[in-house]
Amino acid sequence: MNVEHDLVESVVAGKRLPLARLLTLVENNAPEGLAALDQLFPHTGRAHLIGVTGSPGSGKSSLVNQIALALRNPPSGKAARSVAIVAVDPTSPFTGGAVLGDRVRMRDLAGDPGIFIRSMASRGALGGLARATTGVVQALDAAGFDIVLVETVGAGQAEVDIARLAHTTLVIEAPGMGDDIQAIKAGILEIADILVINKADHPGVDSTVRALHAMLELGHPTHLHNPVASGTPLWIPPVLQTIATQSEGIADLVEAIDRHTAYLHTTGAWQARDRSRLQTELEQLVQVELNNNWRASVPPEFIQETLAQVETRQISPYQAAKLLTHPLPELHPG
Amino acid sequence: MTERKIRVLIAKPGLDGHDRGAKVIARALRDAGMEVIYTGLRQTPEMIAEAALQEDVDAVGISILSGAHMVLVPRVLDLLRANGQEGVCVFVGGIIPENDVPSLINAGVAQVYGPGTPTTQVVEDITRAVLQQAQV
């Protein structure tokens, strides 16, 4: 209790080593880390969470680097904002190991006390984030960072968890990545609050711009997963062009992020997103808890017997699942 | 349930022109199930210590070919200590003359690896050192 309390105090006070250690505890799902998160939770809800997703090689890390630089060095008259970066890279499904290389593109941010970068391995999660990313983001929020930038695993078409976590989701595309049929498929493009075509000096940029605009003209569904009160204007995702390696288009991108923030606040969408994010988190945690309780309450031999009945085709998997989750009291007392 | 992974920072300080050896080690540690944070070429000791802190690593591997190891490595060790990370296991790989090895070990380096070291030995040493540290 005392150790946790000290940890919580140090994190809220903005001390960096305790914060780094807490993030490890949260990643490892350690009980003392989760207990510290409980105490930190009242300090959360202030940071603006920005998700950055897109295909591998589209330039996510370089753009995150540029966005963070721009937020740290704003045009005169604006205040610099402190920035935490969570960069997720994939874990090998074969060895459990990972090479986390996003910092290679973020060297411009070294030595700035207003920046904190943490690399995370996905550890088997499939939605583009790690299971513990939510907790890590909460800790960084409680530590007082104004902005938390979350860079996902290089995402294909269905890694859309980031939209549930972030207030503002940027989807990064590079020119020449597939024809216009890609743009009407379900998935990653639907979650964009801001669409960014990076590497805009590469050939094919015009047709990518056209395809994305065409998609947006057919309507876009961000309001479906992020409800706003009826009567409020819909947010139409802007399509921006950047060249991250030359710092081009970054000012416009940061301006678009600020416009989206203002939109969220004036329409009440900020609270709506917060609520829907917490609801998702709660549901996931309830599932885990129910699953653990179920495992603890059903005798393993009963599971094995039922499985054997499925194997010999006496009952179907659906019947077996019903049997295991609504067991008859006389079958296994206690 | 708690699930611990060994986290290692692989760093290249100074002016080396290539990082092949560092990448080979990064890959070997990954294949041994570790999480390897790779930061690229031309890092200053300050950048290395900052990354080690933010990433809360168990070990730091410094790859160095340029001959500047007697300056850069002790500087990294000092900064780690100043940050409260004296428990982090530091190992050095690259072109290190034999005469320099004792003073690096004296300064606090756990191991020095020359060309041709089998990667399995590096994996074993790190695993052992990290487990020992966890018991302290």
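Which residues in helix 3 of chain A are buried? I would like to start there, and before I answer, a word on what we are looking at. This is a predicted model, in which local features need pLDDT of at least 70 and side-chain atom pairs count only at pLDDT 80 or more, while totals for chains, interfaces and linings use all residues. Residues are numbered from 1 along each chain as its sequence is written, and chains are lettered from A and ligands numbered from 1 in the order in which they are written.

Now to the helix. In helix 3 of chain A, which covers residues 31-40, the buried residues are G33(A), A36(A), L37(A) and L40(A). Buried here stands for 20 or more other C-beta atoms within 10 Å of a residue's own, exposed for 12 or fewer, and partly exposed for anything in between, with the C-beta atoms placed from the backbone. Helices (H or I, at least four residues) and strands (E, at least two) are DSSP runs, numbered from the N terminus. If we look down the axis of helix 3 of chain A, the buried residues fall within an arc of 105°, so they line one face of the helix; the arc is that of the directions from the helix axis to the C-beta atoms. On the face of helix 3 of chain A that is turned away from the buried side, we find the exposed residues P31(A) and D38(A).

Staying with chain A, there is an open sheet of seven strands in the order 4-2-5-1-6-7-8, with parallel pairing; two strands pair if DSSP finds at least two bridges between them. Strand 4 (115-121) and strand 8 (239-241) of chain A are the edge strands, each pairing on one side only. Strand 2 (83-89) of chain A runs parallel to strand 4 of chain A over seven bridges, and within that pair V88(A) has M120(A) as its bridge partner.

Let me turn to chain B, whose secondary structure comes to five helices and five strands, following the pattern β-α-β-α-β-α-β-α-β-α along the sequence. For 136 residues a compact globule would have a radius of gyration near 14 Å, and chain B agrees with this at 14 Å; the radius is taken over C-alpha atoms, and the globule rule is 2.2 Å times the number of residues to the power 0.38. Of these 136 residues, 49% count as buried.

How do the two chains meet? The contact takes 28 residues from chain B and 27 residues from chain A, where two residues are in contact if their C-beta atoms, placed from the backbone, lie within 7 Å. On the side of chain B that touches chain A, helix 1 (20-31), strand 2 (35-38) and helix 2 (45-54) of chain B are the elements that give two or more residues, and helix 2 of chain B gives the most, with six residues.

Six strands form an open sheet with parallel pairing, in the order 3(A)-2(B)-1(B)-3(B)-4(B)-5(B). At its edges stand strand 3 of chain A and strand 5 (111-113) of chain B, each with a single partner strand, so one side of each is left without a neighbour in the sheet. Across the chain boundary, strand 3 (98-100) of chain A pairs with strand 2 of chain B in the parallel sense over three bridges, and I37(B) is the bridge partner of L100(A). Further along, four bridges join strand 1 (7-11) of chain B to strand 2 of chain B, again in parallel, with R7(B) facing its bridge partner E35(B).

Finally, is strand 4 of chain B mostly covered or mostly open, and how many of its residues are buried? Strand 4 of chain B is mostly covered, with six of its six residues buried. In a regular strand the side chains alternate between the two faces of the sheet. In strand 4 of chain B both faces are covered, with C89(B), F91(B) and G93(B) buried on one side and V90(B), V92(B) and G94(B) buried on the other. Strand 3 of chain B pairs with strand 4 of chain B in the parallel sense over six bridges, and there V92(B) is the bridge partner of I62(B).
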